[in-house]
Amino acid sequence: MKLNPHVTELSLYDIVNTPGVGADLSHINTNSTVVGYKKDQLHEALKDADVVIIPAGVPRKPGMTRDDLFNTNAGIVKTLAEASAKACPNANFLIISNPVNSTVPIFAEVLKKHGVFNPKRLFGVTTLDVLRASTFVSAVKGKRTEEVNVHVIGGHSGVTIVPLLSQTGLTFTKEQTDALTHRIQFGGDEVVKAKDGTGSATLSMAQAGARFADSLLKALNGEKGIVEPTFVYSPVATKDGVEYFSTNVELGPEGVAKIHQIGKVNAFEEELIKAALPELKKNIQKGVDFVAKN
Ligand SMILES: NC(=O)C1=CN([C@@H]2O[C@H](COP(=O)(O)OP(=O)(O)OC[C@H]3O[C@@H](n4cnc5c(N)ncnc54)[C@H](O)[C@@H]3O)[C@@H](O)[C@H]2O)C=CC1
Ligand SMILES: O=C([O-])CC(=O)C(=O)O
């Protein structure tokens, strides 16, 4: 397959000069660079893109949950989904904007409204959870990060982030398991706190986003055996009423090639999954309802 080199980065969107298009962010103190596309230029920017990465939206401040970003970012993501549905309906869409658990369903619902939803081409980027997990685990076990691979499943916020440490092939004490699990689930909060009002993870997200995009581009070009955990439309948890779920996903020329199952988990991890499912279900429904009502 020949790839169109047109990969669009949509944070460069002129919200200031496009009244009524973006959300009203005038009350938010943001250091963002706001340059780029006006509404009519957005179509041109997206036209015929194969891969669209969406990191547009506001980041957290200390004390906020990712869900607290919903009111602002839901509208932003919906607007970008509408433009994408018209300009590049067959593209692969990589959603970084938070809350990912809700923005992915928002994007999907908009594509559905336009009759162009392809579940194989919509991805919530959860790679940062995987990077964090391998970083924290390798530090505890005295290994190099590249030697440690943690299957992180579920969603991308707090208790919905479920690291399956038992699948690493390493052993942990109960204290290590508790501490690592908590740090992986709430690593984003640590960064938000440390940045003290100036935003959330940026460089590590750039690394994570680049890793996922790079993996997808390789797979689209026909490279085999590319597997990344990502939050996709998935059958894995539908029996619990959860339509989107992150597990290892094999990527291919059509986007999603094969969704892996959760795999073997221990009793501790079973409890983590049990805690994640209702929260995830609520976050997903919130996204679906938003598009239905707006
Ligand atoms: N999925 C993940 O693992 C992660 C997600 N995030 C999320 O990514 C998003 C962006 O974070 P940062 O880049 O740190 O924030 P930032 O404030 O540095 O950048 C946000 C960008 O969004 C653009 N933007 C704002 N309103 C827009 C609109 N109406 N339409 C189009 N673009 C708009 C701004 O121009 C700016 O370029 C946040 O929602 C954050 O929570 C951040 C880190 C990790
Ligand atoms: O924590 C945040 O708000 C940003 C994010 O998603 C992360 O760093 O994992």
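Domain bounds in this report come from an automatic or database domain assignment. For this protein the assignment gives domain 1 (9–125) and domain 2 (127–282).

This is a predicted model, in which local features need pLDDT of at least 70, side-chain atom pairs count only at pLDDT 80 or more, and totals for chains, interfaces and linings use all residues. Residues are numbered from 1 along each chain as its sequence is written, while chains are lettered from A and ligands numbered from 1 in the order in which they are written.

Two residues are in contact if their C-beta atoms, placed from the backbone, lie within 7 Å. By this rule, 28 residues of domain 1 are in contact with 30 residues of domain 2. On the side of domain 1 that touches domain 2, α3 supplies the largest share, five residues. Helices (H or I, at least four residues) and strands (E, at least two) are DSSP runs, numbered from the N terminus.

Ligand 2 lies between the domains, because both domain 1 (9–125) and domain 2 (127–282) give residues to its shell. A residue is near a molecule if its C-beta atom, placed from the backbone, lies within 6 Å of it. Among the residues around ligand 2 are P59, R60, N98 and G188. Helix α5 (residues 174–195) gives the most to this shell, with three residues.

| Set | Division |
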